[in-house]
Amino acid sequence: QVQLVESGGGLVQPGGSLRLSCAASGSIFNINVMGWYRQAPGKERELVAIITSGGTTNYAQSVKGRFTVSRDNAKNTVLLQMNDLKPEDTAVYYCNADGLEGVGRRFNSWGQGTQVTVSP
């Protein structure tokens with residue numbers, strides 16, 4: 001099994017910044033895609049930003065220019081730098097990783113989620 005552990009959420013004022021981090025552990029052969037999703041109360045989970053092992057990124061339109069996703073392939077970690085946060089960014093943020101375990105079996109794992117609240 002592959003486990004993901006997130007950290008870095010919290011309460012921040014509008015216009016502020018937060019950085020989320022996620023570390024994957026377990027029997028990992030490689031991780032093709034790592035990224036972040038979020039779910040606000042009463043809404044479906046949505047993609048925020050993802051990054052491939054080669055560094056290709058994809059962002060939700062609502063966060064382009066404000067959020068930056070990055071990863072360290074050697075450490076199996078992914079970061080989400082969030083700047084100019086808005087109240088509508090308030091949600092539980094989930095880390096996701098998709099790849100192959102050491103035995104060659106594909107995995108898709110989720111973290112436990114971390115709360116981000118943007119409020120005056």
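Start by selecting Arg45 and Trp110: Arg45 lies over the face of Trp110, at 4.6 Å from the ring centre. For a charge to sit over a ring here, NZ of Lys or CZ of Arg must be within 6 Å of the ring centre and within 35 degrees of the ring normal.

Before moving on, a word on what is loaded. This is a predicted model, in which local features need pLDDT of at least 70 and side-chain atom pairs count only at pLDDT 80 or more, while totals for chains, interfaces and linings use all residues. Residues are numbered from 1 along each chain as its sequence is written, and side-chain values use heavy atoms, with hydrogens and water left out.

**Stop 1: the aromatic pair**

Keep Trp110 on screen and select Tyr37. How are the rings of Tyr37 and Trp110 placed relative to each other? Their centres are 5.1 Å apart and their planes stand at 65 degrees, so the pair is edge-to-face. The rule takes rings of Phe, Tyr and Trp (its six-membered ring) with centres within 6.5 Å; planes under 30 degrees apart are stacked, over 60 edge-to-face, and the rest tilted. By this rule the count comes to 1 aromatic pair.

Colour by secondary structure next. Tyr37 lies in strand β4 and Trp110 in strand β10, so the pair ties together parts that are 73 residues apart in sequence. Strands are DSSP runs (E, at least two residues; helices are H or I, at least four), numbered from the N terminus. The cut-offs are under 20% relative accessible area for buried, over 50% for exposed, and partly exposed in between (1.4 Å probe, protein chains only).

**Stop 2**

- Residues 28–39 are β4, which pairs with β9 in the antiparallel sense over 10 bridges. Look for Arg38 opposite Tyr93.
- Residues 106–110 are β10, joined to β9 by 5 bridges and running antiparallel. Here Leu100 has Arg106 as its bridge partner.
- Residues 114–118 are β11, antiparallel to β9 over 3 bridges. Tyr93 has Thr114 as its bridge partner in β11.

Zoom in on the turn of the hairpin that β9 and β10 form, with 4 residues between the strands. Gly104 in that turn has a positive phi of about 90 degrees.

**Stop 3: the disulfide**

Stay on β9 and pick Cys95, then Cys22. These two form a disulfide, with sulfur atoms 2.1 Å apart; the cut-off for a disulfide is a pair of cysteine sulfur atoms within 2.5 Å. The pair links distant parts of the chain, from Cys22 in strand β3 (residues 18–26) to Cys95 in β9, 73 residues apart. The structure holds 1 disulfide. Check the torsion about the S-S bond: at about -85 degrees, the disulfide of Cys22 and Cys95 is left-handed. Cys22 is buried at 2% relative accessibility, and Cys95 is buried at 0%.

Next, select Asn76, in the loop between β7 (67–72) and β8 (77–82). Asn76 is buried, with a relative accessible area of 19%. Leaving out residues up to four places away in sequence, Asn76 touches Cys22, Ala23, Ala24, Ile28, Ile31 and Met34, where contact means heavy atoms within 4.5 Å.

**Stop 4: the four-stranded sheet**

Show β1, β3, β8 and β7 together: they form an open sheet of 4 strands in that order, with antiparallel pairing. β1 and β7 stand at the edges with a single partner strand each, so one side of each has no neighbour in the sheet. The twist averages 15 degrees from one strand to the next.

Finish on Val2, in strand β1 (residues 2–7). Val2 counts as buried at 9% relative accessibility. β1 pairs with β3 in the antiparallel sense over 6 bridges, and the bridge partner of Val2 in β3 is Gly26. Among the residues that Val2 touches are Ser25, Glu101 and Phe107.

Terms used
Two strands pair if DSSP finds at least two bridges between them. Axes are lines fitted to C-alpha atoms, for helices over the stretch in contact, and angles run from 0 to 180 degrees between N-to-C directions.
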